[in-house]
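Thanks for asking me to look this over with you. Below are some numbered remarks to read with the model open on your screen.

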Amino acid sequence: MTADRVIEIASLNKSFGDFQVLTNVDLNVSLGERIVICGPSGSGKSTLIRCVNGLEQYDSGSITVDGISLSEPGGVDRVRAEVGMVFQQFNLFPHLSVIDNLTLGPMKARGLSRKDAEAQAMEYLERVKIPEQARKRPRDLSGGQQQRVAIARSLCMKPKIMLFDEPTSALDPEMISEVLDVMVELARDGMTMLVVTHEMGFARKVADRMVFMDGGEIVETGTPAEVFEAPKTQRFKTFLDKILQH
Amino acid sequence: MTRFFKIWILLGACLFLAACSGDGTWGWYVIDPSTPAGQSNIWFLVGGFWATIQLSLIATVLSMTLGLLVALPGMSSNRWVRLPSRVYIEFVRAIPLLPMLFWVFYGLPVVMKSLGFPITIDAFWGAIITLAISDSAFTAEIYRSGIQSIPKGQTEAARTVGLTYSQTMRYVILPQAIRRILPPLANQFIYIVKMSAFASVIGMQELTRRANELVVTEYRPLEIYTLLILEYLVLVLIISFFVRWLERKMGSDENR
């Protein structure tokens, strides 16, 4: 185990009833590394990153995040404190204003005062370029704005690692880039990121490593340059041909 | 509109009944407000309001608290945590109110005494305990359906920003669920108001008991029970009105 290795996933197995979603998945992530996970739907990529912060349980294998094993008592809570997550459906709290969405975690889980939490929230809203929306309800924002609020909400917890579960899949095409821009900036700042996405342009720009999953297994990994030039497996090649043809 | 409609129906019914009084089959004199005897009878009957309201309010508050305590473990992913909640709901829901009332009022003190906790249960608390327990199985199910109607992503998002289970419930899930839970809970309140009439059989001096007692002395069941029904109607209409107002205030009548 090297010092800068923040996520270690070893021989992870999971099944939903008879259906094996993850089969012997091994993946190590170093501090500051950006990993893009892609694959056809049902390949287990979302399930994999949801296992990392304990939203899904696994049957066997091990996950260690920043030296904390998910299986140790209280491990899940400690890991969640280090890991932020952005969902496909944003999952903002609809009954709270944007700023209250951002301050809830810091105030209740970290014990920040309202004043400090709001100051910090405004800082992150500026980073995602929507400070003027702070007092609005999520439903009054566009999808792209909502997803940026969701990113800011995660950042307010000062995570070491960010997980993105298809963050642009529920967005109208013209809003995808505003969310990706925020993610690119986050990557430039050195955030460790695990991103499940089909945005290959984004992958090319920021990914240190691409992980291709199919049928619950990691089929191929490599740098974007390697895999886009010459995918080693036929399955990855077929997949790339399908999503890149238009 | 519908509220005015209800009031007109009510007035019409009163007039019809009053009109019947002339032919000798009705004896409205027992509750005629223009005579001293009628007045004192009316005051006696109306005097049950406070007890009925007290019973219903306390029982509803207890039922809502108990229901939540039963509902929360009922939604656990752990089967063994879920089990007691399911058993409680199925068991309580299966017992008719009246037998439960008898059991609580006559039986529970004996059970408690044999366990070394001698307590006395008067009619008031006997009725409240029974109404609250009996109703809690239904409120528990209302909470469950309301909470489960909130998308799972809300819980996941709350947990990933570091909230504990109880913080997630308190700050994220319940504030959203309450608008969906409120209308059916209000229904339960009205249900309790009506079921509180059963307290009369163990001697609780509420609306129905008062009417029964007057019937025994005056022997005019038709008129007295008619007034009794109108008393409940007024009470329920007032509650309905209040609930509509509360729903509007909390936005339960909106789609979101």
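1. Let me begin with chain B. This is a predicted model, and in it chain B holds ten helices and zero strands. Read from the N terminus, the elements of chain B go α-α-α-α-α-α-α-α-α-α. Its C-alpha trace spans about 75 × 55 × 25 Å along the principal axes.

2. Two packed helices are described by the angle between their axes and the distance between the axes. For helix α2 (residues 36–46) of chain B and helix α9 (residues 207–218) of chain B, the angle is about 145° and the axes are 8 Å apart. On the α2(B) side the contact is made by N41(B), F44(B) and L45(B), while α9(B) brings L207(B), R210(B), A211(B), E213(B), L214(B) and E218(B). Sorted by class, this contact of α2(B) with α9(B) has five nonpolar, one polar and three charged residues.

3. How do the two chains meet? In chain B, 17 residues are in contact with 20 residues of chain A. The size of an interface is often given as the accessible area lost when the parts come together. Here chain B and chain A bury about 1700 Å² between them, and 60% of that is on carbon and sulfur atoms.

4. Side chains of opposite charge can pair when their charged atoms come close. How many salt bridges cross from chain B to chain A? The rule finds two across this interface. In one salt bridge between the chains, E156(B) pairs with R50(A), and the closest N and O atoms are 2.6 Å apart.

5. Over all chains, the structure holds 26 salt bridges. Within chain A, R235(A) forms a salt bridge with D214(A), with 3.5 Å between the closest N and O atoms. R235(A) lies in helix α9 (residues 234–244) of chain A and D214(A) in strand β9 (residues 209–214) of chain A, so this pair ties together parts that are 21 residues apart in sequence.

6. Please also click through the largest pocket, whose volume is about 1100 Å³. Its lining has 26 residues, and the closest to the pocket centre are M75(B), S77(B), K152(B), T155(B) and R159(B). Which elements supply at least two residues each to this lining? They include α2 (75–82) of chain A, together with α6 (123–148), α7 (152–160) and α8 (165–195) of chain B. By class, the lining of the largest pocket divides into 13 nonpolar, eight polar and five charged residues.

7. Which residues line the largest cavity? They are R127(A), V128(A), L155(A), V182(A), E185(A) and L186(A). Helix α6 (residues 173–188) of chain A gives the most to this lining, with three residues. The lining of the largest cavity has four nonpolar residues, no polar ones and two charged ones.

Conventions. Residues numbered from 1 in each chain as written. Chains lettered and ligands numbered in written order. Predicted model: local features only at pLDDT ≥ 70, side-chain atom pairs only at ≥ 80, totals over all residues. Heavy atoms only, no water. 1 Å grid on protein atoms, 1.4 Å probe; cavity = no way out; pocket = protein on both sides within 12 Å on 5 of 7 lines; lining within 4 Å. Helix = DSSP H or I, 4+ residues; strand = E, 2+ residues; numbered from the N terminus. Nonpolar A, V, L, I, M, F, W, Y, C, P; charged D, E, K, R; others polar. Axes fitted to C-alpha atoms, helices over the stretch in contact; angles between N-to-C directions. Contact = heavy atoms within 4.5 Å. Buried area = accessible area lost by both parts, 1.4 Å probe. Salt bridge = Lys/Arg side-chain N within 4 Å of Asp/Glu carboxyl O. Points joined across faces, edges and corners; volume = space filled by probe spheres on them.
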